[in-house]
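Good morning, and thank you for joining this meeting. Please turn to the sequence and structure, which I shall now present.

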Amino acid sequence: MKKISVILVYLISFIYMECLYKIFIYDSIFRLSIINMLLFLIPFSLLLGILTKLIKDSKWNKVVFIVIMSVIAVWFSAQYVVKDYFDFYISLSTFEVADQVGDFFDKCVIETLKRLPVIILFFLPLILSVILNKYINFKQNNWKKNIALLCIVLFSYAFYILGLNVGKNNSISSYALYYNINDVSLNMENFGIINTFIIDTKRAVLGFEDKIIMNNGLNDNSQNAENNNGEVVAPIVYEYNNLDIDFESLIANESNKTIKQLHEYFNSDTGTLKNEYTGIFEGKNLILFMAESYNEIAVNKELTPTLYKLVNSGFVFENFYTPTIYSTIGGEFQELTGLYAQSTSILSKFRSGKISFPQGVANKFKEIEYNTYAYHNNAYSFQDRNKYLKSMGFDNYKGCYNGLEKLINCKEWPQSDVAMINATVDDYINDDNFMVFYASVSGHSSYGFSSNAASKRNKEEYMKAGLSYSERPAAYIAAQMELDKALESLIKKLDEAGKLEDTVIALVGDHYPYELTIDEINEVSTYKKDSVVTVNKSNFILWNSEMDTIKVSKVGSQLDVIPTIYNTFGINYDSRLFIGKDILSTEGGLAMFGNRSWVTDKGTYFAASGKFVPVDGVDVSEDYVKNINQIVNNKITMSKLIIEKNYYEKVLN
């Protein structure tokens, strides 16, 4: 009987694993470009086939084969577990923030064991190959055959490279991803797991810079020239929220090519206009929350009445998103910096505390003589929060194990938001002016009435509502009830101290509750959410007890939080230097997601499929999607370069 070529075994195994991954992550293989996958896997399998049979002894060739197949099966399994649970992909730079996984090691083991049946499926080609190894040809090739195979490898790889040129003028095409854009999410969806690893490794070793294309007239103003009521506004009504920065001089005197490009980019941006809400909160206090796993599905008139009140009064942002990128650290980075969490490498630099943020939220409030405070009811040093909060200007930061453990129970999981509020409010409530940042934790996974202290504490009250949700969504809501009670307590204490009317409460989530499946989320949601865009739709609370309700239909995201706060507090800042923008300004809205999908006031673009869905009744120009794609690419690249080059130190200090 003729034996099967090891090359064919590799090719079939890799195609199987790539398709299996997409089926279990996306319920469809059509989120993967089949042609891109095949054009790459053919030369890759040929090359591995040559390497596997270099040794004269067939037994050692079998060992090489088993090692290669084992490594690849482990890599697919790891990608599956991390994407399915944490909702991001592993890249080489991910290991720079690996402590986020390490700190929840026990939970990661449990989540891996839950997914063991699928993991076994990834190892199935290896298992079958070991069992049936006598039918696989491991005999060493002669040098003539190896040369012939290498020629085929080169030819087929050249064919793959030529294939990338199809649709090369599209701003997010395979060509653009391979040559111009570094985006692991889109690479996974477009090229597959194996090819993305090769691309990622090559860029890690040789370096890679995303291509910058200057605005050329494309800026936020080009997206929308209407206000929230659909009325056309005059080109200049208000001044721009900009500082007096001489970019022309900076450009003329800069020798570094990348820094010069940054100067040119921001010089070409007009910034955002002041508006009727500029300074509406001037002189008031601010309490800003990053709420763990908070999402709009947590809002229930009966069970979370305080959240319900805050969401439906004050500023009501009807099209707000919290893009889930690299879990908590990504969400907090986006909220505090107004920059896009482009990669774990920039998050690692951010975490170091060595990046300059003159426009950091505590720094700006200290400029106007506010006392600033920050609190977190989990370990104070988790993700180096103690370092990066200091770079934002927070000198008074307290968490578990640097002082808060004396005031609350830091040993339960998750710790209580109510306890944190009650233990800390007296620190600042008697100050003339204060700005406070809370990073909450009560809404954290896992969600179960036996495994989650916050869920367990609120179980009886939740049960009285008579809702029929399955346990995990039910436990999620019960956990968010702890946040609700914390806000209730805070408002009560502010009122008793006579500070409520002079205080603004702002709140945004770090990410949606990604431990819940999309089906579990849709159990609770009032409309059917998709797993790419609308799963991230949420709330931005910006509330003061004395203000009228103001509804805002414009699209916004975490990136827009700080610029919006600065505008409403009348703080002097440069809007050009934030990638996010003031949501209340007349310029068009934009929310960007982990795979470069996006939403604007005119529609939604799904990057994996290249499909644009316009808002009902809205027509867009032929180049609209291409233009917004370029704006998105530029914003993401600028976010990366600002951190990598410590740009604010150079332009503001």
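How many residues of strand β3 (residues 285-291) are buried? Seven of the seven are, so β3 is largely enclosed by the rest of the structure. Buried here means under 20% relative accessible area, exposed over 50%, and partly exposed in between, with a 1.4 Å probe and protein chains only. Helices (H or I, at least four residues) and strands (E, at least two) are DSSP runs, numbered from the N terminus.

This is a predicted model, in which local features need pLDDT of at least 70 and side-chain atom pairs count only at pLDDT 80 or more, while totals for chains, interfaces and linings use all residues. Residues are numbered from 1 along each chain as its sequence is written, and side-chain values use heavy atoms, with hydrogens and water left out.

Let me continue with β3. In a regular strand, side chains alternate between the two faces of the sheet. On one side of β3 lie Asn-285, Ile-287, Phe-289 and Ala-291, and on the other Leu-286, Leu-288 and Met-290, all of them buried.

Next, its neighbours. Strands pair if DSSP finds at least two bridges between them. β3 runs parallel to β8, joined by seven bridges, and Leu-286 stands opposite Val-504 of β8. With β7 (residues 434-439), β3 forms five bridges, also in the parallel sense; here Leu-288 has Phe-437 as its bridge partner.

Finally, helix α16 (residues 344-351) has six of its eight residues buried, among them Ile-346, Leu-347 and Phe-350. Just after α16, Gly-353 adopts a positive phi of about 80 degrees.
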